[in-house]
Amino acid sequence: MRSTSTKIRCRRSPSGRPLRLVKPKKPGAAHCALCGKIMQAIPRRSQAQMAKLSKTEKRPERVYGGVLCAPCTQQIVKEKTRLTTGALLRSEVPITHLKYIQGMKR
Ligand SMILES: [Zn+2]
């Protein structure tokens with residue numbers, strides 16, 4: 001049966017025989033740990049190709065870069081600030097956010 005997901009390249013061997021080369025599949029995109037959206041600025045590359053990239057090419061350089069998307073990180077930082085100033089109660093923060101708020105240094 002014909003598959004739409006595998007990429008097959010037809011090439012000819014040096015001896016003249018036709019070859020069917022199967023291109024390796026790309027890994028899936030990274031997703032945000034809170035909302036599940038596809039993360040921007042994280043390349044879809046194999047482990048070997050990822051190792052060739054520099055550290056800053058692999059994920060954004062910010063708090064929870066590569067773990068949470070930008071809107072979720074903004075929300076976490078807001079809630080953290082509001083908790084420390086007392087403008088927000090701990091019970092008012094979503095329970096899934098508490099793990100990330102506790103993990104922040106300041
Ligand atoms: Zn998110």
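This is a short walk through one chain, from its overall form down to a few residues.

The model is a predicted one. The secondary structure comes to 4 helices and 2 strands. Reading along the sequence, the order is β-β-α-α-α-α.

Start with the overall dimensions. Along the principal axes, the C-alpha atoms fill a box of roughly 75 × 35 × 15 Å. Of the 106 residues, 8% are buried. As for contacts with a separation of 6 or more, 28% of them are between residues 24 or more positions apart.

Now the helices. How do helix 3 and helix 4 cross? Helix 3 covers residues 70-85 and helix 4 covers residues 95-103. Their axes come within 10 Å and cross at roughly 75 degrees. Helix 3 is therefore roughly perpendicular to helix 4. On the helix 3 side, the residues that meet helix 4 are Ile76, Glu79, Lys80 and Leu83. On the helix 4 side they are His97, Tyr100 and Ile101. By class, this contact has 4 nonpolar, 1 polar and 2 charged residues.

The largest nonpolar core has 6 residues, and Ile76 and Tyr100 are among them. Leaving aside neighbours within four places in sequence, cysteine 69 is in contact with Cys32, Cys35, Lys37 and Met39.

Why does tyrosine 64 count as buried? Because it has 20 C-beta neighbours inside 10 Å. Its phi is positive, about 55 degrees, although tyrosine 64 is not a glycine. For background, most residues other than glycine have a negative phi.

Alanine 41 also has a positive phi, near 65 degrees. This residue is found in the loop between strand 2 (18-23) and helix 1 (47-51). With 14 other C-beta atoms within 10 Å, alanine 41 is partly exposed.

Last, back to helix 3, where glutamine 74 lies. Is glutamine 74 buried or exposed? Glutamine 74 counts as exposed, because it has 11 C-beta neighbours inside 10 Å. From C-alpha to C-alpha, glutamine 74 and valine 63 are 9.7 Å apart in space, and they are 11 residues apart in sequence.

Note on methods. Residues are numbered from 1 along each chain as its sequence is written. This is a predicted model: local features need pLDDT of at least 70, side-chain atom pairs count only at pLDDT 80 or more; totals for chains, interfaces and linings use all residues. Axes are lines fitted to C-alpha atoms, for helices over the stretch in contact, and angles run from 0 to 180 degrees between N-to-C directions. Angles under 35 degrees count as roughly parallel, over 145 as roughly antiparallel, 65 to 115 as roughly perpendicular and the rest as oblique. Two residues are in contact if their C-beta atoms, placed from the backbone, lie within 7 Å. Ala, Val, Leu, Ile, Met, Phe, Trp, Tyr, Cys and Pro count as nonpolar, Asp, Glu, Lys and Arg as charged, and the others, Gly among them, as polar. A nonpolar core is a set of buried Ala, Val, Leu, Ile, Met, Phe, Trp, Tyr and Cys residues joined through C-beta atoms within 7 Å. A residue is buried if 20 or more other C-beta atoms lie within 10 Å of its own, exposed if 12 or fewer, and partly exposed in between; C-beta atoms are placed from the backbone.
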